[in-house]
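Thanks for coming, everyone. I have one structure to walk through today. Please look at the screen.

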Amino acid sequence: MGCWRGPSAVLVCLLLLRPPPSPACPAACHCSSSGKVDCSAHALREVPQSLAANTSTLWLGYNFITVLGPRSFPSLPGLLLLSLPHNRLVLIHHRALLGLGALQELDLSNNYLTVLTPETFLPLSSLVTLNLGSNRLEGLEPGVLQSLPQLQALFLQDNPWMCSCDILPLWRWLSHNKEKVQEKNLLLCRIPAQLNKYPIMAFGNESFRQCQETSLSAWHYIIFLTIGPFSFMASIFFCTFMGFMTVIYHNLRRDTHCRRRP
């Protein structure tokens, strides 16, 4: 093909025949050609950013990651599995998981999570398996789970659940999605003390009857406390005004009667 004409032509041919360079792999990770990246147990404090776009599996377990901030991950459109167990996670920003729309499995077990908002998992429209076991969750908003339309397997065991009236929405979701809840027998109350280690799934509708009968929110009480004094002041003003008008009316009648007398 004309590559013999000179050294420069030979060099060009060799460069053209050379295979393209493989995507960069973070120094603390082990990467395979199939897109699997293992960054486990390297004392990482944040997610590596130099990840190849073709990453399909990412293991980040047994590190020291405490916070997933906004866009903690580079764009990984092909990521299917993300594993973050045994870190020190206390917070996940609601924009932390943007760009992971293809994710199917997420493991956040054995961390220190206490609160999750419905926006946290909103970008994960394809998520099938979610593991939140062994965290510090006392409650969970139903919106967190309702934002996952493809969810089929949920792990919530070993959390210190607070079994008060606030857990009623979560209990309803669990009751209607029993087939999705794994390790049901390990969903145990921690608070209050008299319900310690009582299975959440053992509750029935009658257990929450009192909650449903006295379901007044703080906003209702604020309204009542506002309307009460206002109504009292309005009644005083109305009575005073009517008394004042009555006195004026009687005075006018008396003056008219005095003028008409001969």
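Start at P118. Its relative accessibility is 23%, so P118 counts as partly exposed. The cut-offs: buried means under 20% relative accessible area, exposed means over 50%, and partly exposed is in between, with a 1.4 Å probe and protein chains only. P118 sits in the loop between β7 (105-107) and β8 (129-131). Helices here are DSSP runs of H or I with at least four residues, strands are runs of E with at least two, and both are numbered from the N terminus. Which residues does P118 touch, leaving out those up to four places away in sequence? E141, G143, V144 and S147. Contact means heavy atoms within 4.5 Å. P118 also has a C-alpha to C-alpha distance of 8.0 Å to Q146, 28 residues away in sequence.

A word on the source. This is a predicted model, where local features need pLDDT of at least 70 and side-chain atom pairs count only at pLDDT 80 or more, while totals for chains, interfaces and linings use all residues. Residues are numbered from 1 along each chain as its sequence is written, and side-chain values use heavy atoms, with hydrogens and water left out.

Now the overall numbers. The protein has five helices and twelve strands. Of its 262 residues, 33% are buried. Take the contacts between residues at least 6 apart in sequence: 48% of them join residues at least 24 apart. Accessible areas come from the Shrake-Rupley method with a 1.4 Å probe; for residues, only the protein chains shown count as cover.

Next, the sheet. Eight strands form an open sheet with mixed pairing, in the order β1-β2-β3-β5-β7-β8-β9-β11. Which strands stand at the edges? β1 (30-31) and β11 (181-182) do; each has a single partner strand, so one side of each is left without a neighbour in the sheet. Two strands pair if DSSP finds at least two bridges between them. Strand β9 (residues 153-155) runs parallel to β11, and two bridges join them. F155 stands opposite Q182 in β11.

Stay in the sheet for S83. It is found in strand β5 (residues 81-83). Buried or exposed? S83 counts as buried, because its relative accessibility is 10%. Beyond residues up to four places away in sequence, S83 touches L58, W59, L60, G61 and D107.

On to the aromatics. A pair of aromatic rings is described by the distance of the centres and the angle of the planes. Rings of Phe, Tyr and Trp (its six-membered ring) pair if their centres lie within 6.5 Å; planes under 30 degrees apart count as stacked, over 60 as edge-to-face, and the rest as tilted. The structure holds three such pairs. One of them is W171 with F208, a tilted pair at 5.0 Å centre to centre and 40° between the planes. This pair links distant parts of the chain, 37 residues apart: W171 is in helix α3 (residues 168-176), and F208 is in the loop between β12 (189-191) and α4 (209-213). W171 counts as buried at 7% relative accessibility. F208 counts as buried too, at 5%. Ring pairs link W171, Y198, F203 and F208 into a cluster.

Now the surface. F237, F238, F241, M242, F244, M245, I248 and L252 form a nonpolar patch with about 830 Å² of accessible area together. Patch residues have over 30% relative accessible area and no salt bridge; like charges are joined within 9 Å, nonpolar side chains (Val, Leu, Ile, Met, Phe, Trp, Tyr) within 5 Å. A salt bridge is a side-chain nitrogen of Lys or Arg within 4 Å of a carboxyl oxygen of Asp or Glu. F237 lies in helix α5 (residues 218-260). At 60% relative accessibility, F237 counts as exposed.

Last, the backbone. Most residues other than glycine have a negative phi, and most peptide bonds are trans. Where is the cis peptide bond? It joins I191 and P192, with omega about 0°. P192 lies in the loop between β12 and α4. Y62 has a positive phi, near 60°, in the loop between β3 (57-59) and β4 (67-68). S134 has a positive phi near 55°, in the loop between β8 and α2 (142-146). S134 counts as partly exposed, at 23% relative accessibility.

That's my tour. Over to you.
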